[in-house]
Amino acid sequence: MLVAILIACTPTDEKDTGEPPPLALDDTGGCSSVPPVVDSFTIGNGGLITGDSGEQPSVLLAIQFHDDDMDADYINLSYWWDETVDGTVDTSGAPAMESGAFKFDQDGEPCRVSGGTFEQRIGVTGNPFTANTRYDFAVTVTDHGGLTSDPAFATGVTPKEDGSDGDAR
Ligand SMILES: [Ca+2]
Ligand SMILES: [Ca+2]
């Protein structure tokens, strides 16, 4: 089953830098054997979102992935970024942000979710981003069994403060 989920994340949310919640404790179905694979990762303008500090522009991280053993019913995404635009990001340290483990397929049973599309919006105002600035991003996807994909990389520009597309080179 392919699943698409939209998540909007405000700066308030992303300030939670504590330990990620444990992956769900229910039965994984015993199918976990291979990590997910990120098929595409793109950066875009997430449009205006409303957070605690009011309406603000957001950057959109769009991830498409598959998981051949189909244990993507629960996933956890980790994100890193830097301003040294060279097409890669050091992912050896703790991620800058995590989605936290969540049930990716609301109706699913173990071993039936082969991947899908995930979109994460992160508010630009304040931290962690500067408006109209180019960044390298990295993402990994961790499946229900705790296996983590190789990182995928993408480069993109955050929107301007008025929400229009950034044009920083
Ligand atoms: Ca898997
Ligand atoms: Ca870089």
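Reply: Strand β2 (residues 37-51) pairs with strand β3 (residues 54-66) in the antiparallel sense, over 13 bridges. Strands here are DSSP runs of E of at least two residues, numbered from the N terminus, and two strands pair if DSSP finds at least two bridges between them. This is a predicted model, in which local features need pLDDT of at least 70, side-chain atom pairs count only at pLDDT 80 or more, and totals for chains, interfaces and linings use all residues. Residues are numbered from 1 along each chain as its sequence is written, while chains are lettered from A and ligands numbered from 1 in the order in which they are written.

Me: How many residues lie between β2 and β3 in their hairpin?

Reply: T42 has A62 of β3 as its bridge partner, and G47 stands opposite S58 in β3. The two strands β2 and β3 form a hairpin, and the number of residues between them is two.

Me: Which residue of β7 is the bridge partner of S58?

Reply: β3 also pairs with strand β7 (residues 115-123), in the antiparallel sense and over nine bridges. In β7, the bridge partner of S58 is G123.

Me: Is F102 buried, partly exposed or exposed?

Reply: F102 lies in strand β6 (residues 102-103). A residue is buried if 20 or more other C-beta atoms, placed from the backbone, lie within 10 Å of its own, exposed if 12 or fewer, and partly exposed in between. Because F102 has 16 C-beta neighbours inside 10 Å, F102 counts as partly exposed.

Me: What share of the residues reach a pLDDT of 70 or more?

Reply: The term pLDDT denotes the predictor's confidence in each residue, from 0 to 100. The mean pLDDT of the protein is 85, and the share of its residues that reach 70 or more is 81%.

Key: Helix = DSSP H or I, 4+ residues; strand = E, 2+ residues; numbered from the N terminus.
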